[in-house]
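Hi,

Here is the model I promised to pass on to you. Have a look at it first, and then read my notes below.

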Amino acid sequence: MQDMIELQGGGAPKNSSLRGKKVGFTLAEVLITLGVIGLVAAMTLPALINNNRNKALETAFKKNYSVISQALNMYYAQNGERLTPESARNRQLKLILTKYMNVLHDCGFGTEADASACIPNPKDTTKSSNVYKNFTGTNSISLNLFDDGQFVLNDGSLIMLENSTNLYSTELYISVDVNGYLKNPNRLGWDLFMFQIDDKGNLLPMGAKGTRYYNKDELYCSKNTTYTTNGSGCTIKAINEKDYFTKLR
């Protein structure tokens, strides 16, 4: 009866050999556990960092797309007509856009300012620069499509313009480095995206039909090509594909 009472009470018998002993881990067991934890961390941490970076790029991209669209809509509301290549000839695009955006640093027409957030002035923007790479990171890209006006917004993003005019046409491109050139990855289709304003004043994501870097075979947004212009046509994908940024590796 006494034994039954002790068992019901949840305690060990008085003469139990377990009484007074402490249960713990050996040094070998602790080292094995720490090794497993370290291995799991080494496997998962890079993916976690990559996912966080890509999520930040996606958020910044959507914000900048909205900011650019709003600026063009404000121009339309104030002037009663859409901004077109014809109405922004002779490098007028920068002077127009800066009226409707929160500009922190003016980098001039190209890279003329001393502000650290502006791209250092290359001797010849028609040649490749080490500032930006193409989509696959295999080649440096030329700055000749970003040298007709640059300015930094108050969130640190860098707006770069192409406002070229010739005897036959005027081309208007608005490009944005969504996290500024001082932060990586500095690659087309990753943190650098291009837009084009067509003859009717529509803001078109580069890579859409009707833009300069449209290709039905998606050669301007491919993981398999090393063209210096590869990545120029990724903007349309960044807008239309929900998993675009999660797939960046």
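This is a predicted model: local features need pLDDT of at least 70, side-chain atom pairs count only at pLDDT 80 or more; totals for chains, interfaces and linings use all residues.

The hairpin of S4 and S5 has four residues between the strands, and among them Gly 156 takes a positive phi near 95 degrees. As for S5 itself (residues 158-165), six of its eight residues are buried, so the strand is mostly covered.

Now the whole chain. There are four helices and eight strands, and from the N terminus on they run α-α-α-β-β-β-β-β-β-β-β-α. Of the 249 residues, 41% are buried. If you take contacts between residues at least 6 apart in sequence, 55% of them join residues at least 24 apart. The chain exposes about 14,600 Å², with carbon and sulfur atoms supplying 54% of that area.

Most residues other than glycine have a negative phi, and most peptide bonds are trans. Against that background, take the loop between helix H2 (27-79) and helix H3 (92-97), which holds Asn 90 and also Arg 91. Phi is positive in Asn 90, near 55 degrees, and positive again in Arg 91, near 60 degrees. Are these two residues buried or exposed? Asn 90 counts as exposed because its relative accessibility is 60%, over the 50% cut-off. Arg 91 has a relative accessible area of 33%, so it is partly exposed.

Then there is the peptide bond from Asn 184 to Pro 185, which is cis, with omega near 15 degrees. You will find Pro 185 in the loop between S6 and strand S7 (192-197).

What does Gly 233 touch, leaving out residues up to four places away in sequence? The answer is Met 206, Gly 207, Tyr 213, Tyr 220 and Cys 221. Arg 212 is 21 residues away along the chain, and its C-alpha atom is 8.6 Å from that of Gly 233.

Rolling a probe the size of a water molecule over the atoms shows where empty space is left. The largest pocket holds about 200 Å³ of space. It is lined by 13 residues, and the closest to its centre are Phe 135, Lys 223, Lys 237, Tyr 244 and Lys 247. By class, that lining has five nonpolar, two polar and six charged residues.

The second largest pocket has about 160 Å³ of space. Its lining also counts 13 residues, with Ser 142, Asn 144, Leu 145, Tyr 213 and Thr 229 the closest to the centre. Here the classes are six nonpolar, six polar and one charged.

Cheers

Key: Residues are numbered from 1 along each chain as its sequence is written. Side-chain values use heavy atoms; hydrogens and water are left out. On a 1 Å grid over the protein atoms alone, a cavity is a set of points where a 1.4 Å probe fits but cannot get out, and a pocket is an open set with protein on both sides within 12 Å along at least five of seven lines; lining residues have an atom within 4 Å of a point. Grid points are joined across faces, edges and corners, and a volume is the space filled by probe spheres set on the points. Ala, Val, Leu, Ile, Met, Phe, Trp, Tyr, Cys and Pro count as nonpolar, Asp, Glu, Lys and Arg as charged, and the others, Gly among them, as polar. Buried means under 20% relative accessible area, exposed over 50%, partly exposed in between (1.4 Å probe, protein chains only). Helices (H or I, at least four residues) and strands (E, at least two) are DSSP runs, numbered from the N terminus. Two strands pair if DSSP finds at least two bridges between them. Contact means heavy atoms within 4.5 Å. Accessible areas come from the Shrake-Rupley method with a 1.4 Å probe; for residues, only the protein chains shown count as cover.
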